Amino acid sequence: MTKRKQTSGRQVLAILALALPIYLMMVLGPLAWMADIAGQPAFDLRPMGYSVAEAEALLTALGEKGRALYLWRQIPLDLIYPALMAAVFWTLCRWLESKSQNSAGFPVAELRFARWLGLVAAAADYSENLGVILMLSEALPLPVIVPFASAATIAKSVLTTGVIALIIAASVAIWRQSTRVSTME
């Protein structure tokens with residue numbers, strides 16, 4: 001059996017250095033501009049989802065200018081970001097696994113689960129993007145597409161929160177384990 005190469009902290013930071021600027025461009029750029037135009041958050045920033053009436057109100061408030069901004073500025077960035085987010089989660093979990101394997105702290109199985117959960121969160125984000133594209137382009141009636149898009153938004157939010165919670169719990173467990181070991185020496 002061959003031993004897999006461990007993920008380094010530098011690899012985690014390198015992928016984070018790619019993902020963070022994209023995230024900041026979205027949040028400080030198109031998402032902020034759309035909030036200014038519409039006076040309400042974009043679909044991406046509604047972790048509890050949205051109803052058909054709320055979707056219709058946002059689309060109306062955005063108008064043609066806001067819809068074009070969403071479709072041609074936000075969506076292209078949001079087609080890059082989910083993959084980068086999943087890569088950050090994957091490498092960070094792998095790196096934490098390497099830190100926790102020698103301890104009795106946080107189990108490695110939960111970090112492996114978090115890695116895969118991150119991939120599912122990215123798939124939910126891509127599903128949300130598809131729903132938003134369909135709403136913006138009026139390809140389907142809102143009562144048909146909103147339940148799908150809203151469910152994808154909720155799933156993305158819940159799954160991402162779950163991954164982050166597992167990563168935080170693992171980090172705390174590893175830190176606590178390392179402080180116990182260092183105080184015993």
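Reader: Leaving aside its neighbours within four places in sequence, which residues is Glu 128 in contact with?

Author: This is a predicted model, in which local features need pLDDT of at least 70 and side-chain atom pairs count only at pLDDT 80 or more, while totals for chains, interfaces and linings use all residues. Residues are numbered from 1 along each chain as its sequence is written, and side-chain values use heavy atoms, without hydrogens and water. With contact taken as heavy atoms within 4.5 Å, Glu 128 touches Phe 43, Asp 44, Asp 78, Ala 152, Thr 153 and Lys 156.

Reader: Is Glu 128 buried or exposed?

Author: Glu 128 belongs to helix 4, residues 108-136 (helices are DSSP runs of H or I, at least four residues, numbered from the N terminus). Its relative accessible area is 0%; since buried means under 20% and exposed over 50%, with a 1.4 Å probe and protein chains only, Glu 128 is buried.

Reader: How are helix 2 and helix 3 oriented to each other?

Author: The axes (lines fitted to C-alpha atoms over the stretch in contact) of helix 2, residues 30-38, and helix 3, residues 52-100, come within 9 Å and cross at roughly 175°. Angles run from 0 to 180 degrees between N-to-C directions, and those over 145 count as roughly antiparallel. The two helices are therefore roughly antiparallel.

Reader: Which residues of helix 2 make the contact with helix 3?

Author: On the side of helix 3, the contact involves Leu 58, Ala 61, Leu 62, Gly 66, Leu 69, Tyr 70, Arg 73, Gln 74 and Leu 77. Helix 2 contributes Pro 30, Leu 31, Trp 33, Met 34, Ile 37 and Ala 38.

Methods
Parallel < 35°, antiparallel > 145°, perpendicular 65-115°, else oblique.
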